[in-house]
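Here is a short tour of a protein model, written for someone meeting structures like this for the first time. Take a moment to turn the model around, then read on.

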Amino acid sequence: MKIDVKKDTARIIKKLHERDGNDKAILAAIRRSNSILSRQATIVWPMLFGFIKDKEFFSKTGMPNRQEKAVFTALRCYAVFEQGNDNERDREYINESSSSLFENLSFLRKDERLREALDRRVQVVLSSTNFESVSRSVVGLTKLVKANNAQASLNYPDLANDLYNFQFGYESSRKVAIKWGREYFSFNDQVNKESNED
C-alpha cells in the first residue's frame with residue numbers, strides 16, 4: 001500500500017475548515033508544539049491519527065514515523081499562517097489553486113529590502129539534510145510569508161509530501177532541496193527576464 005501524505009494532510013485541513021472556528025484550541029496547540037512528541041500536541045493526535053489512512057505504517061516503537069512528522073510539520077505551518085486570519089474561514093480551502101511555500105517566498109524575493117535576509121534563511125534550509133532543522137526553518141519561513149503577504153495561499157499537502165520525501169536519506173533530501181531551490185530562484189529569473197524586455 002502506498003502512503004498518500006498529500007491526501008491525509010488535505011483531509012485534516014479540510015476538517016479543520018469545517019469546524020467553524022472550533023479548531024482554535026487545536027491550532028493554538030499545534031503552534032505551541034515544536035514536535036508531535038510535545039505535550040501540547042496531544043490535542044491534535046485524535047485528528048492526526050484518525051485521518052491518516054495508512055494505519056499499518058504507524059510506528060511500533062512509539063516514535064513518530066516519517067508520515068506523522070511530515071503531516072504535523074505541514075499542520076504547524078498551516079496553524080501559524082491561520083493565526084488571527086478569520087477571513088480564511090470565509091473561503092473554502094483549495095490546495096490546487098495554492099502555490100508552494102518556496103514559490104511564495106520567491107514572490108517576496110522581488111522586494112530588494114527582503115532579498116538578502118530571505119536568501120540567507122532559504123540557503124540554510126536548502127543546505128540542510130537534518131529534518132528537525134528543516135522543520136523548524138520551514139515554520140519560520142511560513143511566518144515570514146504571512147508577515148509580508150497575508151493573502152498568500154500555501155499548498156500544505158505538497159509541503160507535507162516534500163517533507164515526507166525529505167526524510168529518506170541524503171539523496172532524497174537533496175532532491176527535495178533542488179525542487180525547493182528551483183521554485184525559489186526560477187520565479188525571479190522569469191520576473192527579471194520580463195523586466196529586462198521592457
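## Reading the surface

A residue counts as exposed when its relative accessible area is over 50%, as buried when that value is under 20%, and as partly exposed in between. Keep in mind, too, that this is a predicted model.

S127 belongs to helix α6, which covers residues 112-127. The relative accessible area of S127 is 54%, so this serine is exposed. F185 sits in helix α9, and with a relative accessible area of 25% F185 is partly exposed, because that value falls between the two cut-offs. A70 is part of helix α4, and its relative accessible area is 0%, so A70 is buried.

## The overall plan

How many helices and strands does the chain have? There are nine helices and zero strands. Followed along the sequence, the pattern reads α-α-α-α-α-α-α-α-α. The chain has 198 residues, and buried ones make up 45% of them.

A70 and F166 are separated by 96 residues in sequence, while their C-alpha atoms are 9.0 Å apart. For F185 and F107, the separation is 78 residues in sequence and 9.7 Å from C-alpha to C-alpha. S127 and A177 are 50 residues apart along the chain, with 7.5 Å between their C-alpha atoms.

## A helix wrapped by the rest

Now look for helix α5, residues 101-109. Why is helix α5 described as largely enclosed by the rest of the structure? Seven of its nine residues are buried, so the rest of the structure largely encloses α5. The buried residues in α5 are L101, F102, N104, L105, S106, L108 and R109.

Helix α5 also has a partner to compare it with. The axes of α5 and α7 come within 10 Å and cross at roughly 45°. That angle makes α5 oblique to α7. The crossing in which α5 passes α7 is left-handed.

## Another pair of helices

A second pair is made up of α2, residues 24-32, and α4. These two helices pack at an angle of about 115°, and their axes are 8 Å apart. α2 and α4 are therefore roughly perpendicular to each other. Their crossing is left-handed.

## The largest pocket

Next comes the empty space. Rolling a probe the size of a water molecule over the atoms shows where such space is left. The largest pocket in this model has a volume of about 260 Å³. Of the 14 residues lining this pocket, N34, S35, K69, F131 and E132 are the closest to its centre.

What kinds of residues make up the lining of the largest pocket? Six are nonpolar, four are polar and four are charged.

Which helix gives the most to the lining of the second largest cavity? The answer is α8, with three residues. Helices α5, α8 (156-166) and α9 (170-197) each supply at least two residues of this lining. Sorted by kind, the residues lining the second largest cavity are four nonpolar, two polar and three charged.

Notes: Residues are numbered from 1 along each chain as its sequence is written. This is a predicted model: local features need pLDDT of at least 70, side-chain atom pairs count only at pLDDT 80 or more; totals for chains, interfaces and linings use all residues. Side-chain values use heavy atoms; hydrogens and water are left out. On a 1 Å grid over the protein atoms alone, a cavity is a set of points where a 1.4 Å probe fits but cannot get out, and a pocket is an open set with protein on both sides within 12 Å along at least five of seven lines; lining residues have an atom within 4 Å of a point. Grid points are joined across faces, edges and corners, and a volume is the space filled by probe spheres set on the points. Ala, Val, Leu, Ile, Met, Phe, Trp, Tyr, Cys and Pro count as nonpolar, Asp, Glu, Lys and Arg as charged, and the others, Gly among them, as polar. Buried means under 20% relative accessible area, exposed over 50%, partly exposed in between (1.4 Å probe, protein chains only). Helices (H or I, at least four residues) and strands (E, at least two) are DSSP runs, numbered from the N terminus. Axes are lines fitted to C-alpha atoms, for helices over the stretch in contact, and angles run from 0 to 180 degrees between N-to-C directions. Angles under 35 degrees count as roughly parallel, over 145 as roughly antiparallel, 65 to 115 as roughly perpendicular and the rest as oblique. A crossing is left-handed if the near helix is turned anticlockwise from the far one by less than a right angle, and right-handed if clockwise.
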